[in-house]
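Please read the following report alongside the sequence and the 3D view.

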Amino acid sequence: MVWALLRESSGVWFVLGDAELSVTSVMSLVEEREAAARVRAEELRVEAERVLGELAEAEALLERRVIARAELAETLAGRDAMLEEGAAPVVEATTAAMAPVAGSVVPRWYAGATVLALSADYRRIVELVEAEPGAGEGISAKELAGRLGLAAVPAKTEGVRSKARRLAERGWVTALPSGRFTPREPTAPARAGAGMPSGRGGGS
């Protein structure tokens, strides 16, 4: 019988039987370690995706806080300037303060509503969706992120997808089952004569 003395990376020595048995045992051990490494890699991949999702939420929150502080500082500076000049009108300052900013609540679409009712980040998404050519194919969140100039990473894409879905829930765009987005479906015009009483002469 042929004996083989093999040493593993762990420093443990194995004494195996004939040459064929030795190769088979080593192959099984290598395959087990490969399977374990594959499972570990998948666990880390899932964890990385979770962390990237939380990172996107944290970045969005940070952006809202930064913009809110900047808006407040700008409003206070404008008020101080008007007080120094003795200017009474404050309509323009009030309008600027009430303008939607990043992180504002997305209002529901209503007849006559325009994208000016949305903050800049949501407004840009609606404009990109409406400008997308094609026969109703729509645009994906990844494509939207690219057109917004964002980095091609899952965190940015998921952030855009979340905003587009919120717009769809409020009626500004349409979310397709495929996950793509298209312009909102136009409201059907009221039928001529609808609501008029029936009968000869329309009288009662």
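The buried residues of helix 3 pack against helix 4 (141-147), helix 5 (154-169), strand 3 (173-175) and strand 4 (181-183), where contact means heavy atoms within 4.5 Å. This is a predicted model, in which local features need pLDDT of at least 70 and side-chain atom pairs count only at pLDDT 80 or more, while totals for chains, interfaces and linings use all residues. Residues are numbered from 1 along each chain as its sequence is written, and side-chain values use heavy atoms, with hydrogens and water left out.

The residues of helix 3 that count as buried are D121, Y122, I125, V126, L128 and V129; buried means under 20% relative accessible area, exposed over 50%, and partly exposed in between, with a 1.4 Å probe and protein chains only. Because these residues cover an arc of only 165° around the axis, they lie on the same side of helix 3, the arc being that of the directions from the helix axis to the C-beta atoms.

The length of helix 3 (residues 120-131) can be checked as well: at 1.5 Å a residue, its 12 residues should span 16 Å, and its end C-alpha atoms are 16 Å apart, which agrees. The expected span is 1.5 Å times one less than the number of residues in the helix.

The protein as a whole has 5 helices and 4 strands, and along the sequence they follow the pattern β-β-α-α-α-α-α-β-β. Helices (H or I, at least four residues) and strands (E, at least two) are DSSP runs, numbered from the N terminus. Of the 204 residues of the protein, 19% count as buried. Among contacts between residues at least 6 apart in sequence, 40% join residues at least 24 apart.

The structure also holds 11 salt bridges, each being a side-chain nitrogen of Lys or Arg within 4 Å of a carboxyl oxygen of Asp or Glu. The table gives some of them.

| Pair | Closest N to O |
|---|---|
| R40 and E43 | 3.5 Å |
| R161 and E158 | 3.3 Å |

R161 and E158 both lie in helix 5, 3 residues apart, which is about one turn of the helix. Elsewhere, salt bridges that share partners join E47, R50 and E54 into one network. R40 and E43 both belong to helix 1 (residues 19-85) and are 3 residues apart. R40 counts as partly exposed at 47% relative accessibility, and E43 counts as partly exposed at 45%.
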